[in-house]
Amino acid sequence: MRRNHFIAAAAICLALIVYATLSRLSGRPALMGHAEAYWVVVIERFSAYGLLGFLMSFLLPGRVKLACTFVIAVAVGLELLQSLVPDRDPQFIDVLQKTAGGTVGVLLAQTILAFLPRPPS
């Protein structure tokens, strides 16, 4: 049953990331209004992808490369799709921030999983 919860949480997280990335600027959710500082946006990106990486890592225990590859593919793919939205501008630094957050999330979850007791075989 726990796995279903992780699947639902990861799907919701991914859906919110897709919406925030591909929506127009006027419809994009913001923490502190539409005139938020750049560092707030960086923290939002890093945190969102960190959570996605964390959840994916729990769905794929022991598969660090696969979880990292998924998060990086989502970040790159969505940034490329963002070029199709008229008022959005894809940038390489955004991809770096997102992939860093996702990778940190994966590594944090893998560290936690290493210390959890394993079920008997």
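Modeller: Let us begin with the lining of the second largest pocket, to which α1 (2-22), α2 (38-59) and α4 (92-115) each supply at least two residues. Please keep in mind that this is a predicted model.

Colleague: What is the general idea behind finding a pocket, and what volume does the second largest pocket have?

Modeller: Rolling a probe the size of a water molecule over the atoms shows where empty space is left. Here, the second largest pocket has a volume of about 420 Å³. Its lining comprises 14 residues, and those closest to the centre are P61, L113, L116, R118 and P119.

Colleague: How many residues of each class are in the lining of the second largest pocket?

Modeller: Nine are nonpolar, two are polar and three are charged.

Colleague: How should I place the helices within the overall fold, and how many helices and strands has the chain?

Modeller: The chain has four helices and zero strands, and its elements run α-α-α-α from the N terminus on. The C-alpha trace spans about 55 × 25 × 25 Å along its principal axes. Of the contacts with a separation of 6 or more, 70% are accounted for by residues 24 or more positions apart. As for burial, 36% of the 121 residues of the chain count as buried.

Colleague: Which residues of α4 are buried, and against which helices do they pack?

Modeller: An α-helix has 3.6 residues a turn, so residues three or four places apart point the same way. In α4 the buried residues include D94, V95, K98, G101, G102, G105, A109 and L113. The buried residues of α4 pack against α1, α2 and α3. L113 is also among the residues closest to the centre of the pocket discussed above.

Colleague: How many salt bridges does the structure hold, and which residue forms one with D94?

Modeller: The structure holds two salt bridges. D94 pairs with R45, with the closest N and O atoms 3.0 Å apart. This pair links distant parts of the chain, since D94 is in helix α4 and R45 in helix α2, 49 residues apart. D94 counts as buried because its relative accessible area is 5%, and R45 counts as buried at 17%, the cut-off being under 20%.

Colleague: Which residue meets K98 in a salt bridge, and at what N to O distance?

Modeller: The side chain of K98 meets that of E79, at 2.6 Å from N to O. Here too distant parts of the chain are linked: K98 is in helix α4 and E79 in helix α3 (residues 64-81), 19 residues apart. Both K98 and E79 are buried.

Colleague: Which residues does T21 touch, leaving aside those up to four places away in sequence?

Modeller: T21 lies in helix α1 and touches Y49, L78, Q82, R88 and K98. T21 is buried, with a relative accessible area of 6%.

Colleague: Finally, is A73 buried or partly exposed?

Modeller: A73, in helix α3, counts as partly exposed because its relative accessibility is 48%. A73 and T99 are 26 residues apart in sequence, and their C-alpha atoms are 8.9 Å apart in space.

Methods
Residues are numbered from 1 along each chain as its sequence is written. This is a predicted model: local features need pLDDT of at least 70, side-chain atom pairs count only at pLDDT 80 or more; totals for chains, interfaces and linings use all residues. Side-chain values use heavy atoms; hydrogens and water are left out. On a 1 Å grid over the protein atoms alone, a cavity is a set of points where a 1.4 Å probe fits but cannot get out, and a pocket is an open set with protein on both sides within 12 Å along at least five of seven lines; lining residues have an atom within 4 Å of a point. Grid points are joined across faces, edges and corners, and a volume is the space filled by probe spheres set on the points. Ala, Val, Leu, Ile, Met, Phe, Trp, Tyr, Cys and Pro count as nonpolar, Asp, Glu, Lys and Arg as charged, and the others, Gly among them, as polar. A salt bridge is a side-chain nitrogen of Lys or Arg within 4 Å of a carboxyl oxygen of Asp or Glu. Buried means under 20% relative accessible area, exposed over 50%, partly exposed in between (1.4 Å probe, protein chains only). Contact means heavy atoms within 4.5 Å.
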